[in-house]
Amino acid sequence: MNGAESLVATLVDQDVDICFANPGTSEMHFLAALGGNPEMRSVLCLFEGVATGAADGWYRMKDKPASTLLHLGPGLANGLANIHNAKRASSGMVNIVGEHSASHLKYDPPLTSDIEGLARPLSHWVRRAESSDTIAWDTAQAVAKASEHPGQIATLVMPGDTSWQPTTVAPVLPPLATPERKRPNAARVEQVAKVLRSGEPTLIILANKATRGAALEKAGRVAAATETRLGSQFFTSRIERGAGRVPIERIPYAVAQATEFLKDFRHIVTVETTEPVAFFSYPDKPSQLKAEGTQVHALAEADEDSELALDMLLQELGATNVSPIIQERIETAVPTGALNPKSVAHALAAALPEHCIVVDESLTTGRESMGLTMGALPHDLINNMGGSIGYATPVATGAALACPDRRVFCMVGDGSAMYTIQSLWTQARENLNVTTIIFANNSYAILKAEYANMGAGTPGERAMSMIDIDRPSIDWLAMAKSMGVPGVAVDTAEAFYEAMVNSTLEPGPSLIEVRL
């Protein structure tokens, strides 16, 4: 067994059984080890940002880390944008980054870089594997770190000689431990209970693990018992929503709308998140969105057990037997006529199948969609927590691999889609059940709104030319066909609905171009 084989065997032993890979010369022994271990699934990605984004999507649906294989410092750099998004979403990930052999580094070959320096700002744990005999221990430590709550980014640098040299001793591994979540502070729980009993207007903001499963159900009980409202930040890593689930209100994105939404609350209770702030700073607009005088109380910090915190709160309130607030099913008629944010939302609400996964990077077109799909059939919603665009198609790829029995709908603007369109090729190669919906308005429409929000004046022709992407227009159907994905273009609400329904009738990927 060589170092690379020891690394792969350890990943599998630690329950990391998938690797999103974009290999290069220095990783050939690791590539051979991936192929030689039948318990490891290897998924080829044509760009490192697809690999890291797919690992993010995998974690969001499986709650366990995937691994990536990246080629030296430049390969890591290509993947950093979606590592940033994964970090902000608290997704665990183990990045294996190839490196030159120690004997070759002294000659400063062209691909030499400070890999650790690149990795540290967006990693919680970074280590260089110095020996084929210790790489198993290093790998196990990386997996343990990535598996913590909240999920962590672990980056292991693998020099070529560490990879190809044989091991001389049996691998030594640390004990396999189940990740533990910290117990919430009882005094904080008591304080929040006091606030809720006061009857003063209160919003409980849920995030991460609190927006799904038993934690969400218990939050619904708290809301029912105290007439408290439940909310989420505008972007959340994953929410279980729709009919039969506990409904959560979404704090608006725009500063004016968000401050209006929050102005009457005297208390904000946070669960695995912090108080709401504006996504950007704007001239003469606040960064903090709460009203002056509103008090913020942390029920559960990001590294604490939110389900336990909500259970403790229910006991403190004497409300353990209260039934939760539940969203009723709202039958939405199939819309007709022109495509606009409202008709798009109604088409989604009517077409989404039960237990599908929605990955949203629709920006301008989809901002109204979520409020109008609350009563759709039960589904999961995934958002971009980090704001670096080009996340949706890779995350949808990883989510589809994590949940092969569920249809994934990926909603993305045309500008965003161009960042990581290579995801379509991987979806076709792996025959993944992903419907990619591209809202094609031939511009970075979000930036037109932000231009006005920033008070930058009236944009001239030259400024607008840096926002429009219509010269030339992108042929999305040809793009999809070239990567093995069938596509259809729609320009009415009823055609959009029909295309979504048709995409679920056969397995495999498809693309819908929504011409706006």
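Predicted model: local features only at pLDDT ≥ 70, side-chain atom pairs only at ≥ 80, totals over all residues.

Modeller: Residues are numbered from 1 along each chain as its sequence is written, and side-chain values use heavy atoms, with hydrogens and water left out.

Colleague: Which residues lie nearest the centre of the largest pocket?

Modeller: A pocket here is an open set of points on a 1 Å grid over the protein atoms alone, where a 1.4 Å probe fits, with protein on both sides within 12 Å along at least five of seven lines. The largest pocket holds about 840 Å³ of space, a volume being the space filled by probe spheres set on the points. Its lining, meaning residues with an atom within 4 Å of a point, comprises 31 residues, and those nearest the centre are R88, Q233, T273, T274 and M385.

Colleague: Which residues of α9 are exposed on the other side of the helix?

Modeller: Helix α9 (a DSSP run of H or I, at least four residues) covers residues 186-198, and V189, V192, A193, V195 and L196 are buried in it, where buried means under 20% relative accessible area and exposed over 50%, with a 1.4 Å probe and protein chains only. Seen down the axis of α9, these buried residues fall within an arc of 160 degrees, taken from the directions from the axis to the C-beta atoms, so they line one face of the helix. On the other side, the exposed residues are K194 and R197.

Colleague: Within what arc do the buried residues of α16 fall?

Modeller: In helix α16, residues 423-430, the buried positions are S423, L424, T426, Q427 and E430. Viewed down the axis, they line one face of the helix, because they fall within an arc of 165 degrees.

Colleague: Why does V143 count as buried, and which residues is V143 in contact with, leaving aside neighbours within four places in sequence?

Modeller: V143 sits in helix α7, residues 135-146, and counts as buried because its relative accessibility is 3%. V143 and M93 are 50 residues apart in sequence, yet their C-alpha atoms are 8.0 Å apart in space. With those sequence neighbours left aside, its contacts (heavy atoms within 4.5 Å) are L11, Q14, V16 and V94.

Conventions: Helix = DSSP H or I, 4+ residues; strand = E, 2+ residues; numbered from the N terminus. Expected span 1.5 Å × (residues − 1).
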